[in-house]
Amino acid sequence: MTIDLSNSSAMNSSRPDFGKLSLSEQAIILELEKRREEYGCRYFEPNGAQTKLIDLVGGQAPHVGIFSAANGIGKTTAIANVMANIIFGRQNRYFDYPLFREWPYPKRLRFITDPKLVEEIGPLHSEIKKWWPRGRYEAVKGGKSYFSQYKANGFLLDIMSYDQDLKQFEGATLGGIFFDEPPMRNIWNASLARLRMGGIALVFMTPLTQAAWFFDEVVPRHQEHIVFGDIEENCKTHGTRGQLEHANIERMVSEMDPDEVEARAHGKAMYLSGLIYKNFDHNVHVAKKPIAVPSNASVYQVVDPAVGKPFASIWAFPDTDGTLYIHDEWPNEDFYKMRGIDNGIHDYRRIFLTKEQGWGIHKRIIDRHFADVRSLQTKNTLRQDFAAVGLNYEASYNAQAEQEEVQTGILKVRSYLNYNKDKPLDSINRPRLVISPTCVNTIKGFSRWSFDTKTGRPKDEYKDFMDCVRYFVMADPKVSYSPPMSEPRRLFA
């Protein structure tokens with residue numbers, strides 16, 4: 001029997017029957033067990049999801065990173081081992097990155113969690129005891145009923161809870177912050193300001209319905225630095241270096257609330273339940289830099305008007321290969337926070353024409369349901385009012401029933417988003433709809449627009465810009481070689 005002391009998988013297997021081993025083999029097994037107990041982080045083997053997290057942190061050192069993981073994936077184990085490789089340096093081959101070999105930021109870290117989890121028998125303390133090298137760190141209570149600080153190798157790790165006074169989250173200069181579940185906004189802001197000398201903030205979460213503000217404001221800004229952890233990634237049969245039996249996973253998932261399975265089993269935010277464009281992927285469908293408009297582009301403007309909020313509008317153009325590019329939108333701020341807007345026809349004319357300088361507008365489209373209703377006061381429709389100031393809009397596409405109309409548009413947009421996720425992207429296998437990263441409201445709509453799970457109908461939230469996209473795609477945009485529309489260019493007439 002040959003036993004490799006460097007192979008941590010030997011440590012994960014059950015101890016062989018000593019009666020069948022020689023004395024020397026028994027001694028080796030005992031030595032392996034002793035080493036693992038005394039220096040666990042050297043023998044840590046991450047599962048597939050934990051590996052992706054380590055690669056994100058070590059390879060990209062993001063200012064904000066998010067580990068959105070299922071129950072049972074080993075979030076706290078990942079936290080303890082990431083901390084160990086920061087504090088004690090690279091411990092094994094999975095952490096072979098410069099960030100772990102020599103930490104470049106201030107040597108003060110912070111871990112923040114629920115008040116119930118900071119106690120001495122809490123999960124993080126237990127994982128630190130299991131994985132950190134024995135005798136090489138000091139745990140300090142500092143007047144608390146639990147260990148509130150760990151000192152090791154010139155580092156100081158503070159353990160805090162979300163019920164502490166806001167002032168306690170300020171003051172110190174930090175190099176790393178670890179959030180166990182998303183915090184309240186004021187704690188987030190106070191904590192991130194502590195990274196003034198550089199550093200990283202990592203959020204470990206099972207994405208249920210709490211902290212809606214975090215999903216609205218933080219997640220969209222850091223789409224490229226999110227790791228999703230499905231419970232199957234910790235499966236012995238289907239995962240990579242998994243620890244759970246598949247039968248146990250199936251039993252666990254079967255007992256979950258059906259409304260929480262996406263979050264608890266797959267690490268996906270609950271707002272994704274019923275998501276209309278589930279095939280939308282920020283890393284694939286959003287361009288890496290703002291999209292420039294070619295001088296000969298056939299630009300479409302599409303407007304979804306409303307009362308009491310701004311008119312939503314996108315600008316887009318088709319390419320000769322059939323790809324559609326959404327390159328701009330209005331408003332250029334958070335549409336979902338804007339209310340009480342009382343712009344008139346001349347205001348919108350000025351806004352639109354100012355934005356369109358240098359573009360060849362090929363066609364304008366507007367929601368027919370709103371724009372073709374005759375005003376009781378003026379006896380005119382919105383389309384007629386726009387035409388009177390030189391902006392000529394075509395009505396959006398029609399269908400026999402409104403629900404059929406919406407569904408038809410959704411299906412066509414999905415077809416433009418579609419590509420084979422099981423194959424690498426190339427000139428053939430790619431989506432035919434690309435969005436500029438500056439179109440934040442359109443991107444948020446793609447990420448959030450969902451069906452009402454009770455009625456099966458699309459919700460009104462996040463619908464405005466998605467209506468614009470539907471109208472654009474259903475217009476069957478193609479490159480035009482005819483001159484652009486002839487419209488007056490006087491901006492403030």
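Predicted model: local features only at pLDDT ≥ 70, side-chain atom pairs only at ≥ 80, totals over all residues.
Visitor: Where does asparagine 153 lie, and what is its phi?

Guide: Asparagine 153 sits in the loop between β4 (149–152) and β5 (155–161). Its phi is near 50 degrees, a positive value in a residue other than glycine.

Visitor: Why does arginine 241 count as partly exposed?

Guide: Arginine 241 has a relative accessibility of 28%. The loop between β8 (226–229) and α9 (246–254) holds arginine 241. Although arginine 241 is not a glycine, its phi is positive, at about 55 degrees.

Visitor: What makes cysteine 41 buried?

Guide: The relative accessible area of cysteine 41 is 0%. Buried means under 20%, so cysteine 41 is buried.

Visitor: How do you know whether cysteine 439 is buried or exposed?

Guide: Cysteine 439 has 0% relative accessibility. That value is under 20%, and therefore cysteine 439 counts as buried.

Visitor: How many disulfides does the structure hold?

Guide: The structure holds zero disulfides. A disulfide is a covalent bond between the sulfur atoms of two cysteines. To be counted here, a pair of cysteine sulfur atoms must be within 2.5 Å.

Visitor: At what angle do helix α4 and helix α6 pack?

Guide: Helix α4 (residues 75–87) packs against helix α6 (residues 123–131) at about 55 degrees, and their axes are 9 Å apart.

Visitor: Which residues make the contact between α4 and α6?

Guide: From α4 come Thr76, Thr77, Ile79, Ala80 and Asn81, and from α6 come Pro123, Leu124, Glu127, Ile128 and Trp131. By class, this contact of α4 with α6 has six nonpolar, three polar and one charged residues.

Visitor: What is the omega of the peptide bond from tryptophan 330 to proline 331?

Guide: The omega of this bond is near 5 degrees, and the bond is cis. Proline 331 is located in the loop between β11 (324–330) and α12 (345–355).

Terms used. Residues numbered from 1 in each chain as written. Heavy atoms only, no water. Buried < 20%, exposed > 50% of the residue type's maximum accessible area, 1.4 Å probe, protein only. Axes fitted to C-alpha atoms, helices over the stretch in contact; angles between N-to-C directions. Helix = DSSP H or I, 4+ residues; strand = E, 2+ residues; numbered from the N terminus. Contact = heavy atoms within 4.5 Å. Nonpolar A, V, L, I, M, F, W, Y, C, P; charged D, E, K, R; others polar.
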